[in-house]
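Subject: Structure handover

Hello,

Here is the structure you will be working with. Please open it next to this message and follow along, as my notes come after it.

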Amino acid sequence: MEYGPAPESTKEAQAWLEQRGRQFGLFINNEWSEAGELFASINPANGAKLADLTQGSAEDVDRAVAAARAAQPGWQALGGHGRAKVLYAIARLMQKHARLFAVLETLDNGKTIRETRDVDLPLVARHFYYHAGWAQLQAEEFSDYRAVGVVGQIVPWNFPLLMLAWKIAPALAAGNTVVFKPAEFTSLTAMLFADICVQAGVPAGVVNIVTGDGRVGEAIVKHAGIDKLAFTGSTEVGRLIREATAGSGKKLSLELGGKSPFVVFEDADLDAAVEGLVDSIWFNQGQVCCAGSRLLVQESIQEKFLGKLRARMDKLTLGSPLDKSMDIGALVDPVQKQRIEGLVQSARDEGCSVYQPACELPADGSWFPPTLITGASTSAAVAQAEIFGPVLVAMSFRTPPEAVQLANNTVYGLAACVWTENISLALDVAPQIKAGVVWINTANQFDAACGFGGYRESGYGREGGREGMYEYMTALAEDARPAAPVVEPKAKARGGVPAGSPFGIDRTAKLYIGGKQARPDGAYSRAIHGADGAFIAEVGEGNRKDIRNAVEAAHKASGWTKATAHNRAQVLYYIAENLAARGEEFAARIAAMTGSKNAEKEVQASVERLFYYAAWADKYDGLAHQPPMHGITVALNEPLGVIGIVCPNEAPLLGFISLVAPAIALGNRVVVVPSETHPLSATDLYQVFDTSDLPGGVVNIVTGSADELARTLASHADIDAVWRHDGSAEGCAEVERLSAASLKRTWVGGAKGRDWYSTAQSGGRAVLAHASQVKNIWIPYGV
Ligand code: NAI
């Protein structure tokens, strides 16, 4: 049966554009500025101009930031209930005008009306409702936190209004004010949203919208008055933003590209999997960061599955996005079409087979047919690059471990789909896939209660859920952090045998790699002096090669991550026990190095901190969400992997323990650079570790220059995160800058110190959150 056309009327949307004179200024302080330098917004389905928008300038961004800053205290003072009412009003208004928004979005973006009407708009409203709830509960649920302040938000063109909601709703709920920049291709629904803000009673200056291209984005990123940046877009621009904000102290969340695997096991419901694939890669013309663009299908069913898939592709309808019966609409812009064509051509040139159903493409506008590529090698451009179009690349695997290996063969880690009727296989595979979201027997499901965000080069931070709220708040304890004390290294007078050694035998601490003491590669040592300037001992001078060896050892120790939390807790308790047994010796060492009168107290606090994180190891549980589907979403707190840690100089033992213990408690492995000036209480720990059942490679210690070793850690491609807390502002900025290449997570203290004795500042969920990332696994059920 053939369906006739079922066009959606554009009357209201066109009338709204007419009423606005098809020209828009900027929305700052609840006022529309005069239109300035203009650029056109085009309907990509037919190339027709819809309206002119203003290219904002750096001065406009200044005005927007100033308005946001002025409005923030009042917005905060409105209280949780006051803000909840405003967010609730926005949600209601979005529902009331849902059709207008949906049509306008379809006109502006080219995506089908079915999607804007049935997916985008309901999710937008849900996001505002959900966050009205967090505003209401903020005082009770986040009492140790405050709003960050003024937030800069930059979004792409693929889900213009949905991304606006994902950004603005949590920011406002937490008490922030925002400067928002829509994508230059798709700003119209943001313009309409500005009207909604006024109607909903959003106070002036709370939401400011500056349109324009990347230059406006850059001005927001660089603006000193911005306290937090939230960006969704390409990994390339995400990197630039990380570099540009290094050392600025701005909080940052990045939601970047993906190349998500769609894994089909032989026992899957194949027809359902084919439908899932349609939702996964042909939803929004594949212009979806979490699109399932790599099909991994078990070899035994490959031919059968691809046959079903091709038959389904033949039935996909492509054409006017306003036609309610269309599956596939227009691409956002000719530039995207060229990019996709180039990548598909590269596959043809490499001899891959390219399947496209015979469908007629409309003469005007930007269109691309659904495409299936087979025969590509795992390293081919189409298998590795984010195509961001309706192009699926299929490969096969034989065994579940091979499926996991192929799934993880990407620099990205945004999402994955796993299709099998075998629940134990699904729940075995899901945690092994490095991705922030895993959908089991479903695809592209989203909900405000379930955090969304990436692993690896797909970025960091989460949107939605409780974890998404933390992205827009600062722990109150952070405000109380003191300036880091300056610890000057003592004059480097070389001595011979360590003072106080009764038998006069030289003992130089080596490095600690893979559970063994290792000589430094460079065969250099550095002298360590006590508080009185006297020589105490020498430690190895670690270099780039030593860090490389330590990272390798840390990767080999992956069994630690798989060990049970109970086991990890036992090891931490055991370390505490052995440290306590040698407490006097450690206290004497600290006193000799630092001259501290509190050395015993520091050892005691270190023992207690080990207990503290041993306690947390099996209690930092995830959550089970019940989103609006028949099923559950399990939010797991997963370790990051390998973390490089540069320790503080003050409290050399307690600082070391306070950073290493939470990291390993949650299953990470670490490469630690102990205090540059006082490293001996760390090197003394080797024997404690050796007698505490800590597997080799979980904690690796490389002594030497903090600056040099931090640089190596931050540039290393196989390290997942770097923490630096030695009070060096420039050093921390450098870590952030260098982390951009592989988009490592960073946690740096900057010029501020930390009260290492205070659990509020050096403990709690905030620290554990730095050591983990949330994976949301969607598990529908029912028959
Ligand atoms: P983009 O990353 O350049 O643009 C996203 C947003 O960032 C836009 O609002 C843009 O104006 C702004 N922007 C651009 N340069 C900036 C800068 N230097 N500083 C601050 N903001 C800046 O993405 P684009 O060019 O629209 O698309 C290119 C490719 O990026 C796509 O083909 C796709 O592969 C990927 N992409 C991924 C998205 C995702 O959700 N993961 C979304 C959009 C694009």
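In these notes, Ala, Val, Leu, Ile, Met, Phe, Trp, Tyr, Cys and Pro count as nonpolar, Asp, Glu, Lys and Arg as charged, and the others, Gly among them, as polar. By that scheme, the shell around the ligand holds 12 nonpolar, eight polar and six charged residues.

The model is predicted: local features need pLDDT of at least 70, side-chain atom pairs count only at pLDDT 80 or more, and totals for chains, interfaces and linings use all residues. Residues are numbered from 1 along each chain as its sequence is written.

The ligand

There are 26 residues around the ligand, and G214, G217, G233, S234 and C289 come nearest (a residue is near a molecule or strand if its C-beta atom, placed from the backbone, lies within 6 Å of it). The elements that give two or more residues to this shell are α8 (214-222), α9 (235-245) and α12 (334-349). Helices (H or I, at least four residues) and strands (E, at least two) are DSSP runs, numbered from the N terminus. The largest share of the ligand shell, four residues, is from α8.

The domains

The domain assignment of the protein gives domain 1 (70-256 + 468-474), domain 2 (261-453) and domain 3 (511-519 + 540-621 + 637-773); such bounds come from an automatic or database domain assignment.

The centres of domain 1 and domain 2, taken over C-alpha atoms, are separated by 29 Å. Their contact takes 19 residues from domain 1 and 21 residues from domain 2 (two residues are in contact if their C-beta atoms, placed from the backbone, lie within 7 Å). On the side of domain 1 that touches domain 2, α4 and α5 each supply at least two residues. The largest share of that side, eight residues, comes from α5. By class, the side of domain 1 that touches domain 2 has five nonpolar, nine polar and five charged residues.

Helix pairs

Two packed helices are described by the angle between their axes and the distance between the axes. Axes are lines fitted to C-alpha atoms, for helices over the stretch in contact, and angles run from 0 to 180 degrees between N-to-C directions.

Helix α4 (residues 98-109) packs against helix α5 (residues 113-141) at an angle of about 130 degrees, with the axes 9 Å apart. That makes α4 oblique to α5 (angles under 35 degrees count as roughly parallel, over 145 as roughly antiparallel, 65 to 115 as roughly perpendicular and the rest as oblique). A98, F101, A102, V103, E105 and T106 in α4 meet I113, T116, R117, D120 and L121 in α5. The residues of this contact are six nonpolar, two polar and three charged.

For helix α3 (residues 79-96) and helix α7 (residues 188-200), the axes come within 9 Å and cross at roughly 130 degrees. α3 and α7 are therefore oblique to each other. On α3, the residues V86, A89, I90, L93 and M94 meet I196, Q199 and A200 of α7. This contact of α3 with α7 has seven nonpolar, one polar and no charged residues.

Helix α10 (residues 270-281) and helix α11 (residues 302-315) have axes 10 Å apart and pack at an angle of about 50 degrees. α10 and α11 are therefore oblique to each other. L270, D271, V274, L277 and V278 of α10 make the contact with K304, F305, K308, L309 and R312 of α11. Six nonpolar, no polar and four charged residues make up the contact of α10 with α11.

Regards
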